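User: I am new to this structure, and I would like to learn how to read its features one at a time. Could you take me through them with care?

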Amino acid sequence: MGIIAWIILGLIAGVIAKLLVPGRDPGGCLITILIGIAGAALGGWIAAEVFDRPFEKDFFELKTWGAAIGGSLVLLIFYRIFFGRARR
């Protein structure tokens, strides 16, 4: 997949992750996009290491989307842990 495909995959994965994790997020749309892109890359890398199979070949493969959404969920949860509370 090319860089544009990873960006689109990350954007959609970030939105899905945000829908799956209830509650308010400290970030807006741009943060969602960045978390999704980073999560897609992280999920693809972890899945490739664990399953010993690269996930970067097919955009429409279910495993690619699962890894991207899973990575986005992990990053979104960490983001909420570190930046979720309002500072006083």
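This is a predicted model: local features need pLDDT of at least 70, side-chain atom pairs count only at pLDDT 80 or more; totals for chains, interfaces and linings use all residues.

User: How do I read burial, and is Gly39 buried or exposed?

Analyst: A residue is called buried under 20% relative accessible area, exposed over 50% and partly exposed in between, with a 1.4 Å probe and protein chains only. Gly39 has 0% relative accessibility and therefore counts as buried; its place is in helix H2, residues 29-51, where helices (H or I, at least four residues) and strands (E, at least two) are DSSP runs numbered from the N terminus.

User: Which residues does Gly39 touch?

Analyst: Contact means heavy atoms within 4.5 Å. Not counting residues up to four places away in sequence, Gly39 touches Ala67, Ala68, Gly71, Ser72 and Leu75. The C-alpha atoms of Gly39 and Ile69 are separated by 7.1 Å, although these residues are 30 apart along the chain. Ser72, in helix H3, is also buried, with a relative accessible area of 0%, and leaving aside neighbours within four places in sequence, its contacts include Ala13, Gly14, Ile35 and Gly39.

User: What is a nonpolar core, and which residues make up the largest one?

Analyst: A nonpolar core is a set of buried Ala, Val, Leu, Ile, Met, Phe, Trp, Tyr and Cys residues joined through side-chain atoms within 4.5 Å. The largest has seven residues in all, namely Trp6, Leu9, Ala13, Ala40, Trp65, Ala68 and Ile69. Helix H1 (3-20) and H3 are the elements that give two or more residues to this core. A second, separate core has five residues, among them Ala17, Val21, Leu76 and Tyr79. Trp65 of the largest core lies in helix H3 and, at 17% relative accessibility, counts as buried.

User: How is a cavity found, and what lines the largest cavity?

Analyst: Rolling a probe the size of a water molecule over the atoms shows where empty space is left. On a 1 Å grid over the protein atoms alone, a cavity is a set of points where a 1.4 Å probe fits but cannot get out, and lining residues have an atom within 4 Å of a point; points are joined across faces, edges and corners, and a volume is the space filled by probe spheres set on them. The largest cavity here has a volume of about 30 Å³, and Gly14, Ala17, Lys18, Thr32, Ile35, Ser72 and Leu76 line it. H1, H2 and H3 each give two or more residues to this lining, with H1 giving the most, three residues.

User: How should I read an aromatic pair, and how many does the structure hold?

Analyst: Rings of Phe, Tyr and Trp (its six-membered ring) pair if their centres lie within 6.5 Å, and planes under 30 degrees apart count as stacked, over 60 as edge-to-face and the rest as tilted. The structure holds one such pair. The rings of Tyr79 and Phe83 have centres 5.2 Å apart and planes at 40°, so the pair is tilted. Both residues lie in helix H3 (residues 62-83), four residues apart, which is about one turn of the helix. Tyr79 is buried at 19% relative accessibility, whereas Phe83 is partly exposed, with a relative accessible area of 46%.

Conventions. Residues are numbered from 1 along each chain as its sequence is written. Side-chain values use heavy atoms; hydrogens and water are left out. On a 1 Å grid over the protein atoms alone, a cavity is a set of points where a 1.4 Å probe fits but cannot get out, and a pocket is an open set with protein on both sides within 12 Å along at least five of seven lines; lining residues have an atom within 4 Å of a point.
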